[in-house]
Amino acid sequence: MPDTRTGHVYWGFGHWDFEYAVSDSEGLSLLNGRYRGVPIIGKFSMPVIRVKYLVDGGRHDWRRDAGTGAGPYADQIHWHLGSDHGLQRISNRGNEYVAIYEFLVNSVRWLEMGVYARIGAYHIYQAWYLNEEGIVQPHIWSKGLTINMDHTHHPYWRLDFDIDGAAHNRVWRFDDGQGWRFYRKEANDTKNMRTRTNWLVRNERTLNGAWVLPGPEDGDPDGFSGIDMAVRLFRPDQDIGWPFGVNGIGFSKGEPVEDADVVVFWYVAHLFHHSREGGDAWHGAGPTIRAVVPTPPPLPLHFSIDVRKHRDQFGGEVTVTGTGFSPGGQVKLSYLNIPRRVGALYTGAIITADGNGKFTNTDYFRCVSRNPDDAFLDVEVDALDVKSGLIAKAYTSATIWVC
Ligand SMILES: [Cu+2]
């Protein structure tokens, strides 16, 4: 499935629901994304990486191997498979062209979506990292040198937010000691490191929103790429990727956006690359987007699950008992981190809690590993209370999966 150019991802017990597509020039894009049922993403894409070397190649770019200068370049990622100017299979992500990969950090589930492109000497990994707490991180990883000279990559992310739909979205800016203000008109802007600038895109009717927080490696604007962000009104005739070549953003400026039908938030990072780090060092950049939606209801008393295992020579049984679930409500179980298995396993069994909010469920598993070391892994068991959207978690050693 991830070898296909487009797809629909329903992930993390309904925490995220979106489509993805590798477009003609905007790399891997996320579309029509909802977090906990709240529309957040209209279309997130990365139409260009502008690259500037200390000395331009310009008209003499063809002589760049002589070390006189290179670029500037406007690098783009498209659905072109193979060769040194196309997408590469990703060996540590199932050898697919589009990575869909799940992992755990401090008991929080993350999903990585990525494509690996070669653009001549450059290797680019363009990724989106989403987690179950509402974070989306657009990220770019880059390595490779066209010539042995310091240079800066400027990725431009086009973040077309649709917070609770297209209408009434407004972009706010917050600075320490200076408070809030919002953009009344289309504008280009820079962050202030001293006042720790953050942005918030919010639906002014529902008050749901999403923060845009600059990343620690996102660098500073320079004479070639002088902005950290831009706010634009959405226009269908401007949803065309990047028509500006090696130049900066040239879409209209000055139209009112204070209660816009659709706003487009351009985010720009400035990724400096020292030539002395060599061509093999990966360097990365990108902001953090954090959706702010109504918080879940308070946890019921004693909302928890308990896991017991019974082992036999072919694997064994896992019995999960739950308490504090919605009486008579549905429960969905999943298992994450089973040895040798990528992603979560949903058994698909339909479980119903009894009138007191309790349930007992037994699943049978066969061994999936012969490596004794795998028995020390912890498998996460998650039980979703469908009615409230709350998840009870428990951990158990992977012993029954190892024979
Ligand atoms: Cu570089």
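Is Y125 buried or exposed? Select Y125 and its surroundings: the residue is buried, because 20 C-beta neighbours lie inside 10 Å (buried means 20 or more other C-beta atoms within 10 Å of its own, exposed 12 or fewer, partly exposed in between, with C-beta atoms placed from the backbone).

Before going on, note that this is a predicted model, where local features need pLDDT of at least 70, side-chain atom pairs count only at pLDDT 80 or more, and totals for chains, interfaces and linings use all residues. Residues are numbered from 1 along each chain as its sequence is written.

Stay with Y125, which sits in strand 9 (residues 122–131); strands are DSSP runs of E, at least two residues, numbered from the N terminus. Beyond its neighbours within four places in sequence, Y125 contacts G114, Y116 and W141 (contact: C-beta atoms, placed from the backbone, within 7 Å).

Next, colour domain 1 (6–292) and domain 2 (304–401), whose bounds come from an automatic or database domain assignment. Their C-alpha centres are 37 Å apart.

Now pick P72, in the loop between strand 4 (38–53) and strand 5 (73–75). A cis peptide bond links G71 to P72, with omega about 0°.

Finish with two arginines. R196, in the loop between strand 14 (187–189) and strand 15 (198–203), has a positive phi near 50°. R340, in the loop between strand 24 (330–336) and strand 25 (345–346), has a positive phi of about 65°. R340 counts as partly exposed because it has 14 C-beta neighbours inside 10 Å.

Definitions and conventions:
Helices (H or I, at least four residues) and strands (E, at least two) are DSSP runs, numbered from the N terminus. Two residues are in contact if their C-beta atoms, placed from the backbone, lie within 7 Å.
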